[in-house]
Amino acid sequence: MPNSKPLTASSSGTNPIDASVQSALRTLDAEGSGIAAINAALQADLGEPFARSADLIRSAKGRLIVTGLGKSGHIGRKIAATFASTGTPAFFVHAAEASHGDLGMITADDVILALSWSGEQPEMKTLITYAKRFRIAVIAMTAERDSTLSRAADIALVLPKAREACPHNLAPTTSSLMLLALGDALAIALLEGRGFTPVDFSVLHPGGKLGAMLKFTRDIMHTGDTVPLKPLGTRMSDALVEMTSKGFGCVGVVDAHGAIVGIVTDGDLRRHMMRPDLLAAVVDEVMTRNPKTIRGELLASEALEILNSSKITALIVTDGARPVGIVHLHDILRAGVV
């Protein structure tokens with residue numbers, strides 16, 4: 001097993017930890033400058049082609065085909081995944097594989113988004129020729145306005161020049177981040193333009209933590225006889241039996257029409273515990289009126305937000321004014337909504 005030694009100052013007196021942090025700060029500063037340059041460009045010459053690109057993708061009958069190779073290809077895969085998960089059907093086609101059969105994935109109804117910092121990769125030539133032949137719209141994302149890719153594209157998204165974070169200005173770092181950022185900006189512009197909602201998002205993300213956060217309250221609530229409820233006029237002794245037997249630390253109070261009008265919680269009991277007649281009192285005298293409730297069609301993550309902000313542990317779930325269920329903080333935690 002190799003020896004593990006703590007980092008210490010070098011013989012030259014330079015602390016390697018400090019040196020690493022300073023290097024990281026220089027990298028982040030360089031990459032941040034690239035993002036700032038895109039921000040400025042979008043408020044100038046880049047804004048008009050960006051808006052046209054969003055309109056073109058939105059109106060396409062087919063899908064968005066993202067392509068690239070090298071580091072641009074890796075970024076393209078992520079951009080395609082972001083588009084697909086936010087309501088724009090998209091997938092990635094590797095530019096080098098396109099001429100070996102993958103062109104068959106692209107139809108005349110699609111739109112191609114081609115990523116290339118230089119805009120001069122020879123592997124793009126076959127794809128561009130194919131696009132021209134079948135009149136497939138091409139959006140170029142590049143830093144070279146006069147490149148082969150820019151001239152061949154229907155719309156060119158020309159990014160501002162920026163120095164790489166690499167000290168030799170060679171390894172794609174700042175440039176890769178800029179491509180990714182502009183791709184994300186385009187995907188989110190389309191998301192917002194479509195009115196893509198959290199409910200739409202939940203359809204595409206049923207698994208993992210995101211899927212848990214996008215569950216509906218109705219999916220995790222308790223229903224039927226498990227819901228602790230008592231009518232107005234109930235003696236507190238009976239309400240306490242209901243509260244204890246159901247195990248939610250509360251009991252909802254309903255009126256003659258079955259509408260929720262109050263709730264008795266552990267906190268209410270503590271506030272009235274000095275009353276000698278507490279058990280003989282009726283719930284009307286002890287309950288908190290107009291309790292916090294939630295509708296079943298709202299997300300479980302919204303229920304969690306209400307519980308946390310109100311410093312309570314359970315919510316009555318209602319349909320209109322009628323209680324149909326109850327959800328406890330533990331139910332939300334078990335579902336993975338954290």
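Leaving aside neighbours within four places in sequence, serine 72 is in contact (heavy atoms within 4.5 Å) with Leu115, Ser116, Trp117 and Leu179. The model here is a predicted one, so local features need pLDDT of at least 70 and side-chain atom pairs count only at pLDDT 80 or more, while totals for chains, interfaces and linings use all residues. Residues are numbered from 1 along each chain as its sequence is written, and side-chain values use heavy atoms, with hydrogens and water left out.

Serine 72 sits in helix H3, residues 71–85. Helices here are DSSP runs of H or I with at least four residues, strands are runs of E with at least two, and both are numbered from the N terminus. With a relative accessibility of 9%, serine 72 counts as buried; the word means under 20% relative accessible area, with exposed being over 50% and partly exposed in between (1.4 Å probe, protein chains only).

Next come the nonpolar cores, each a set of buried Ala, Val, Leu, Ile, Met, Phe, Trp, Tyr and Cys residues joined through side-chain atoms within 4.5 Å. The largest one has 31 residues, and the members touching the most others are Leu64, Phe83, Leu113, Leu115, Met141, Leu159 and Leu182.

As for charged pairs, eleven salt bridges turn up in a search of the whole structure, each being a side-chain nitrogen of Lys or Arg within 4 Å of a carboxyl oxygen of Asp or Glu. One of them pairs arginine 63 with aspartate 110, at 3.3 Å from N to O. Arginine 63 lies in the loop between helix H2 (47–59) and strand S1 (64–68), and aspartate 110 in the loop between helix H4 (95–98) and strand S3 (111–115), so this pair ties together parts 47 residues apart in sequence. Aspartate 110 is buried, at 2% relative accessibility, whereas arginine 63 is partly exposed at 31%.

Another salt bridge links aspartate 184 and lysine 78, whose closest N and O atoms are 2.9 Å apart. Because aspartate 184 belongs to helix H7 and lysine 78 to helix H3, the pair ties together parts that are 106 residues apart in sequence. Both count as partly exposed, aspartate 184 at 24% and lysine 78 at 37%.

Aspartate 331 and arginine 334 also meet through their side chains, at 2.7 Å from N to O. They are three residues apart in helix H15 (residues 329–334), which means about one helical turn separates them. Aspartate 331 is buried, at 8% relative accessibility, but arginine 334 is exposed, at 63%. Elsewhere, salt bridges with shared partners join Arg275, Asp277 and Glu285 into one network.

Finally, there is an open sheet of three strands, ordered S10-S11-S12 with mixed pairing; two strands pair if DSSP finds at least two bridges between them. Strands S10 (293–295) and S12 (322–328) stand at the edges with a single partner strand each, so one side of each has no neighbour in the sheet. Strand S11 (residues 314–319) and S12 run antiparallel and are joined by six bridges. Leucine 315 has valine 327, in S12, as its bridge partner.
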